[in-house]
Amino acid sequence: MNLKIGNHNIQFSKNPKLLSREKTTIIFLHDSLGCIDLWKDFPERLESHTACNVLAYDRQGYGKSDPFSVLKRDQNYLKQEAEFLSKILAQLQLEKVILFGHSDGGSIALLTAALFPDRIKGIITEGAHVFVEKETINGIKEAVKAYKNTSLKERLYRYHGDKTDNVFGMWTETWLSKEYQSWNIEKYLPKIKCPSLIIQGENDEYGTIDQVNTIINKTKGNSFSLLIPEIGHTPHRENPEVVLKETANFINKIHV
């Protein structure tokens with residue numbers, strides 16, 4: 001369903017107005033190349049294992065939402081997405097929320113929990129970044145090669161259509177820029193008071209265990225790490241059974 005939030009039409013996975021206000025709502029935040037459809041059936045599977053609503057949305061520029069308003073990002077773009085998410089929560093009058101964020105979505109979840117602690121009851125992140133590492137840069141450079149030399153562009157086009165080049169370019173050009181190498185959101189982590197489950201594949205091609213350890217050590221809520229062997233940057237797709245089980249256990253312990 002498409003709703004107007006601020007000046008933008010944002011696509012939601014279902015009609016958020018029909019969500020039960022008595023239940024906690026799990027909101028899924030996609031990665032830098034993602035959208036609702038790329039979550040596949042994982043949100044619905046998690047819903048069946050909890051007593052929660054689930055809701056996903058395409059950020060502006062992605063999937064079926066409006067195109068980007070600007071085609072150049074600065075160091076604050078993820079913080080701006082967290083602030084936009086707070087507007088979504090206010091407009092939809094969602095007061096009991098758990099965030100599930102992958103990659104960029106994980107960083108957005110962390111920032112939202114730090115900036116708007118009264119609205120967020122818990123967070124789950126996969127492959128979230130809080131600073132830039134050489135592994136991140138090297139992984140993005142490999143993705144640039146794949147976009148030029150493999151079917152990656154065609155695969156992304158199925159989900160983003162004519163916005164595909166902008167989706168890919170906004171991610172790679174931002175993170176590979178000289179200005180972005182000093183990006184760091186560690187200062188926000190001590191403001192996070194809610195429980196968090198920090199998930200990462202041990203072979204994550206975009207970041208190291210230092211990301212997980214920093215989040216665990218600097219957040220103030222009860223934080224738990226889940227490191228999954230033999231997988232990379234997309235745990236819910238590469239090992240969905242483990243992620244589903246551990247995430248459901250985490251949610252069922254904390255949701256109110």
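These notebook entries record what I looked up on salt bridges, pockets and cysteines in a predicted model.

**Entry 1: salt bridges**

I began with charged side chains. Side chains of opposite charge can pair when their charged atoms come close. My search of the whole structure gave eight salt bridges. I wrote up three of them, starting with neighbours in the sequence.

Glu 135 and Lys 134 form a salt bridge through their side chains, with 3.1 Å from N to O. I then checked how open the two partners are. Lys 134 is exposed, at 59% relative accessible area. Glu 135 is partly exposed, at 25%.

Next I took Glu 142 and Lys 145, whose side chains also meet in a salt bridge, at 3.4 Å from N to O. How far apart are Glu 142 and Lys 145 in helix H4? They are three residues apart, so about one helical turn separates them. Helix H4 covers residues 134-149. Both partners are partly exposed: Glu 142 has a relative accessibility of 47%, and Lys 145 has 48%.

I list Lys 153 as partly exposed at 32%, and Asp 165 as partly exposed at 42%.

**Entry 2: the largest pocket**

I turned to open space in the model. The largest pocket holds about 640 Å³. I counted 31 residues in its lining. Which residues lie nearest the centre of the largest pocket? They are Asp 31, Leu 33, Leu 152, Thr 234 and Arg 237.

I also asked which helices take part in this lining. H4, H5, H6 and helix H8 (235-238) each supply at least two residues. H5 has the largest share, with five residues. Sorted by class, the lining of the largest pocket comes to 13 nonpolar, eleven polar and seven charged residues.

**Entry 3: the second largest pocket**

The second largest pocket has a volume of about 450 Å³. Its lining is made of 18 residues, and those closest to the centre are His 8, Gln 60, Val 70, Gln 80 and Glu 81. Which helix gives the most to the lining of the second largest pocket? I found helix H2 (residues 77-92), with six residues. By class, the lining of the second largest pocket splits into six nonpolar, six polar and six charged residues.

**Entry 4: cysteines**

Last, I looked for disulfides. A disulfide is a covalent bond between the sulfur atoms of two cysteines. The count for this structure is zero.

The cut-off I needed here is 2.5 Å between the two sulfur atoms.

Are Cys 35 and Cys 52 buried or exposed? Cys 35 is buried, at 2% relative accessibility. Cys 52 is buried as well, at 1%.

Note on methods: Residues numbered from 1 in each chain as written. Predicted model: local features only at pLDDT ≥ 70, side-chain atom pairs only at ≥ 80, totals over all residues. Heavy atoms only, no water. Salt bridge = Lys/Arg side-chain N within 4 Å of Asp/Glu carboxyl O. Buried < 20%, exposed > 50% of the residue type's maximum accessible area, 1.4 Å probe, protein only. Helix = DSSP H or I, 4+ residues; strand = E, 2+ residues; numbered from the N terminus. 1 Å grid on protein atoms, 1.4 Å probe; cavity = no way out; pocket = protein on both sides within 12 Å on 5 of 7 lines; lining within 4 Å. Points joined across faces, edges and corners; volume = space filled by probe spheres on them. Nonpolar A, V, L, I, M, F, W, Y, C, P; charged D, E, K, R; others polar.
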